[in-house]
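The structure is shown first, and the text then works through selected local and overall features.

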Amino acid sequence: MLRPGGTGGIDSDELLIGDGSRIWTNAVFGKQPWEVVDAVTGERRGAVALPDFPGRPASEDPGTEPSEGGMSLATEALQLAPLPAGLSDSPLGSRDGLVGTRVLFRTRHRDHAPDHFLVESVDGRTARFDIDRKGQEPWALWAAPEGAVEDVVLAEAQTPTGVRAYTADGVLLWELDGHRSPRHPRVGPRRQVTVSGGVALPPAFWYLLRTRDAAGSRALRNVRPQSAHTLLAAALTGEEALRAAVARELPEVTDAVLVEAVVAVAGRTARVEERRRALHRRVSLLAEAPPVRLRRSAPDTELVPALFGLLPVEEGEAHRRFREAALPATLSALAADGACLAGTIVEEVRRLSPPAPPRDWSQLLGAIDAVAWRAAVAPTPDAERSALLALLDTWAEQPFARAGSRWWVGRTCDAAVLDRLRAGGTAVASAPVRGGGAVCWLVASAAEDADGDPVPAAVYGAVRVRVRGDDAARLRALVAAVETHGPVPVPESAAARFAELTGVRRAVARLAVAGLVGRSHRDEDRDLARRAPYRASGMTAEAYGALRARLGVAGQRAVLAAALPEDPAELWRPGGVDAAVERMAGVWRELLGAVSAVDDEVADALEADLGLSEVWARRLAGGYGAAADATVEAVGWELAATRYGAGVEVRAVPAAGPELPYRTPVGLDVRGIAGALVWAWTERPVGDPAVAGAMDVYERLRAELARPELLLALPGGRVQDTSERIAERFGPGLLPVARGDRKEEGPVPVTAHDNGPLVVCSPGGASFLRPAAVAEPAVWRRVREVTDLAEELDRVAPLLAGGGLERMMLRARSGPLPAGAYEADPRRSCPELVAHVAAELGTHADAAALYLQVATLAAPTDRNVRRWNGWSAKRHTEVREELLATGTVVEAKRARAGRTVFLPGEWTELKAPNLPLETVKLASHLVRPLGSNSIRAPFHRVLPTAPLHEMFAQAWERRSPGR
């Protein structure tokens with residue numbers, strides 16, 4: 001809205017009311033008094049009360065009709081304006097040359113959205129209106145043309161600028177969508193049946209509404225019932241017949257738009273009538289031939305979760321939750337499908353029997369024993385067990401539970417194929433696949449002579465299933481046994497046996513023998529695996545999900561089905577569960593193969609301490625080749641520009657071929673491998689079979705570090721020099737810098753200068769090291785002289801030839817300690833030093849050993865110290881008191897420390913997964929804390945950088961006088 005000659009609009013004063021001589025304005029949501037403004041300039045003239053209409057407050061007089069008690073004036077809905085010249089009336093009402101509407105509202109609760117309105121036109125007409133959606137507001141009363149007996153309430157529609165028309169008693173008559181917002185120009189229609197046929201104009205234009213066809217409106221107002229029946233019959237015949245009937249029955253309706261409206265309304269009425277007839281036929285059909293009754297019932301909300309992993313995951317289900325019906329849809333479908341396949345009910349009754357769309361039960365044909373095992377074992381929750389027993393009980397009554405019966409199972413997107421099979425005499429049960437569009441799953445009877453069977457030719461990929469045993473008798477026996485004896489207990493020994501035969505983690509074995517349990521939602525699935533009685537760690541829960549994915553739905557059914565014996569009663573006899581578990585393990589090995597058993601305590605410790613998966617527990621025990629992961633071998637390394645800016649990163653390059661799946665690791669994580677080896681040689685006892693393969697892992701690491709093309713980033717080190725000087729110092733060789741995933745246009749703004757051991761980029765000085773090029777001590781010394789890189793080079797040094805990791809390996813190979821001893825126990829790893837420290841401190845050897853541990857190690861927690869030293873809690877307390885008496889340590893309580901004895905001095909709060917520690921230890925562990933929870937260190941965690949006996953000696957030397 002613009003003022004005469006203006007271009008700036010009316011700013012925030014969006015509400016305007018005028019009586020022909022004055023104009024009032026107000027702001028939406030402002031709750032300010034109405035002000036009179038100059039009609040031309042917009043200049044404010046001060047607050048002036050509105051006219052009695054529409055500004056009159058609600059009357060509290062109980063005698064007022066209609067009553068306005070308890071209501072308030074809807075300031076933002078008030079309307080008043082003079083009629084344009086040449087008009088004397090308006091279908092929205094007029095008086096004394098003015099049009100307008102007064103609106104009152106009432107709220108259900110204090111400060112609640114209005115839900116009840118009183119609408120009053122300027123000519124005195126009124127109507128009450130109750131909203132049918134939150135936030136809706138009425139804005140006018142329309143007097144429909146040519147003899148309407150009641151007014152129509154106009155209100156806001158679903159779209160912000162649309163219009164809805166209601167009768168006085170709240171029945172929706174029609175709706176028009178408003179104009180589309182520029183922000184959302186492609187918003188689809190809100191209604192699919194009664195799609196809006198135009199665009200609603202703003203309320204001001206409705207005051208100017210005129211009757212399009214007065215004669216036609218009178219004819220429609222007085223249409224006879226017989227004419228309505230004739231129009232409906234014609235609409236059921238077709239559009240051509242309907243148009244002819246409109247012309248014949250309503251000759252006064254001549255306006256083309258009005259004719260189209262009559263045709264549209266009659267067409268919608270015909271569709272409603274067709275739906276009514278279909279429902280009537282369904283009710284009548286089911287009354288004459290009622291569907292099969294279930295002896296036991298279970299809603300899909302309980303049955304489908306109980307069948308997790310045994311039914312296929314349809315398209316879209318893995319990424320979003322589908323809400324199952326709280327009705328026995330799948331069980332009803334199962335019973336009706338079986339009855340139809342047996343010939344006791346007709347196809348239409350079968351199709352109408354389920355109260356909601358069922359799940360695809362056809363996949364259980366030939367593998368119903370998998371459901372039986374899950375129903376029988378004790379870990380299954382009672383509600384799920386009840387649902388599974390109901391399924392088994394219903395299944396036992398069906399023709400596909402009979403011994404020797406043959407069936408086809410498949411899917412098709414051609415409904416005509418199913419109709420032809422049925423017409424040819426083949427019994428077929430089918431239903432749409434959820435989320436699959438036109439795809440249907442099917443079960444059809446199979447002929448004895450496979451060559452003459454029509455199903456395989458009609459349904460591509462159909463699978464023939466033969467029921468070999470008497471499933472009906474076996475399932476009834478199992479259901480009776482569960483109800484008589486209770487669920488089958490699954491002892492821990494069964495999980496241990498499964499783990500022994502397959503090599504999986506004990507937690508995975510518990511989950512497998514309990515029925516390969518799980519949930520469709522990822523977070524719920526992980527939580528279930530981590531809770532008792534399964535107690536899987538985070539990474540083990542992930543590994544369990546990966547194993548289930550490798551098995552697939554058919555594989556999971558096969559593993560569980562193998563558990564059920566021919567006579568289900570055997571499960572309750574001695575040795576029955578053990579035999580079942582061995583059969584399950586046999587199928588598991590056939591499908592996935594077997595791996596060597598893993599030490600669960602070691603695998604859990606590796607995950608907790610280093611964040612490494614069970615793959616590394618297997619490798620440390622059996623050598624690098626003992627287990628495989630998703631890592632792809634690198635054929636080389638390259639420098640690549642970052643997406644934005646002048647950054648450079650080193651990337652491992654896989655072999656040529658198809659694009660790898662997202663986030664597939666390429667090239668060995670040398671820092672991760674080195675960390676695993678340090679952990680094995682400093683945290684585990686000497687001679688521990690769980691780390692017997694560490695030497696082989698070390699050789700694999702050495703081979704990787706010896707590759708001449710390997711580049712290691714020095715992330716914290718940059719050569720501080722100009723681009724010209726960098727080129728002089730580290731040229732003349734150049735290394736290409738790939739564009740990679742760079743988003744910025746133009747050439748890569750970085751040059752990589754290569755002098756062999758070092759690659760330094762300009763500008764910026766980002767640096768990279770070739771470990772193979774610094775194997776010679778003289779070369780390393782020359783590289784180490786680049787002072788800007790000294791700190792980062794020192795962090796790489798433990799991995800290189802002659803570094804701390806190699807010295808740990810040599811010490812482990814020489815075997816100076818007896819089996820079972822820990823390098824972290826100074827009494828075993830450096831007894832001479834302990835004796836010297838004890839003499840200096842005036843304590844026993846145990847107190848001296850504890851001092852060296854506290855002074856040297858990053859995590860001398862009470863639990864670790866007792867494990868390393870073989871102390872009881874009582875002995876630990878005695879030694880701690882003796883050491884405290886020397887004054888060389890202090891006692892305190894510090895968050896996440898896991899101990900109460902510390903070196904005096906500053907304290908560094910490292911974030912998880914690392915533990916906080918004394919600041920003085922950062923240098924010996926080559927650690928620099930960064931923001932958030934990250935650090936710079938030789939490894940991914942804070943770990944020793946040299947053999948522990950060397951670090952103990954360095955720590956004591958650091959304390960000595962003059963240090």
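Arg535 is found in the loop between α17 and α18 (538-561), where helices (H or I, at least four residues) and strands (E, at least two) are DSSP runs numbered from the N terminus. Although Arg535 is not a glycine, its phi is positive, at about 55°. The model is a predicted one, in which local features need pLDDT of at least 70, side-chain atom pairs count only at pLDDT 80 or more, and totals for chains, interfaces and linings use all residues. Residues are numbered from 1 along each chain as its sequence is written, and side-chain values use heavy atoms, with hydrogens and water left out.

**Backbone features**

Leu516 is another residue other than glycine with a positive phi, near 50°. Leu516 lies in the loop between α16 (506-513) and α17 (522-530). Its relative accessibility is 0%, so Leu516 counts as buried; buried means under 20% relative accessible area, exposed over 50%, and partly exposed in between, with a 1.4 Å probe and protein chains only.

Two cis peptide bonds can be described. One joins Phe53 and Pro54, with omega about 15°, and Pro54 is placed in helix α1 (residues 52-55). Another joins Ser762 and Pro763, with omega about -5°; Pro763 lies in the loop between β24 (758-762) and β25 (766-769).

**The protein as a whole**

The protein has 34 helices and 31 strands. Its radius of gyration is 41 Å, well over the 30 Å that the globule rule gives for 963 residues, so the protein is more spread out than a compact globule. Here the radius is taken over C-alpha atoms, and the globule rule is 2.2 Å times the number of residues to the power 0.38. The C-alpha trace spans about 115 × 90 × 65 Å along its principal axes. Of the 963 residues, 46% count as buried. Among contacts (heavy atoms within 4.5 Å) between residues at least 6 apart in sequence, 60% join residues at least 24 apart.

Strand β16 (residues 440-445) is mostly covered, with 5 of its 6 residues buried. Strand β14 (residues 406-412) is mostly covered too, with 5 of its 7 residues buried.

| Strands | Sense | Bridges | Residues opposite each other |
|---|---|---|---|
| β14 (406-412) and β16 | antiparallel | 6 bridges | Arg411 and Trp441; Gly410 and Leu442 |
| β14 and β17 (463-466) | antiparallel | 4 bridges | Trp407 and Val465 |

In a regular strand the side chains alternate between the two faces of the sheet.

**Aromatic pairs**

The structure holds 14 aromatic pairs. Rings of Phe, Tyr and Trp (its six-membered ring) pair if their centres lie within 6.5 Å; planes under 30 degrees apart count as stacked, over 60 as edge-to-face and the rest as tilted. In one of the pairs, Trp361 and Trp395 are edge-to-face, at 5.9 Å centre to centre with 90° between the planes. This pair links distant parts of the chain, 34 residues apart: Trp361 is in the loop between α9 (347-352) and α10 (368-376), and Trp395 is in helix α11 (residues 382-395). Both Trp361 and Trp395 are buried.

Trp361 also pairs with Trp441: the ring centres are 5.5 Å apart and the planes stand at 75°, so this pair is edge-to-face. Trp441 belongs to strand β16, and 80 residues separate it from Trp361. Trp441 is buried, as is Trp361. Ring pairs link Trp361, Trp395, Phe400, Trp407 and Trp441 into a cluster.

Helix α23 (residues 694-705) has 12 residues, which at 1.5 Å a residue should span 16 Å; its end C-alpha atoms are 16 Å apart, which agrees. The expected span is 1.5 Å times one less than the number of residues. The buried residues of α23 are Ala694, Val697, Tyr698, Arg700, Leu701, Arg702, Glu704 and Leu705. Their cover includes α21 (614-622), β18 (634-641), α22 (670-683), β20 (712-718) and α27 (804-814).

Arg700 lies over the face of Tyr624, at 5.5 Å from the ring centre. The charged end of Arg619 sits over the ring of Trp616, 4.7 Å from its centre. A charge sits over a ring if NZ of Lys or CZ of Arg is within 6 Å of the ring centre and within 35 degrees of the ring normal.

How values were computed:
Two strands pair if DSSP finds at least two bridges between them.
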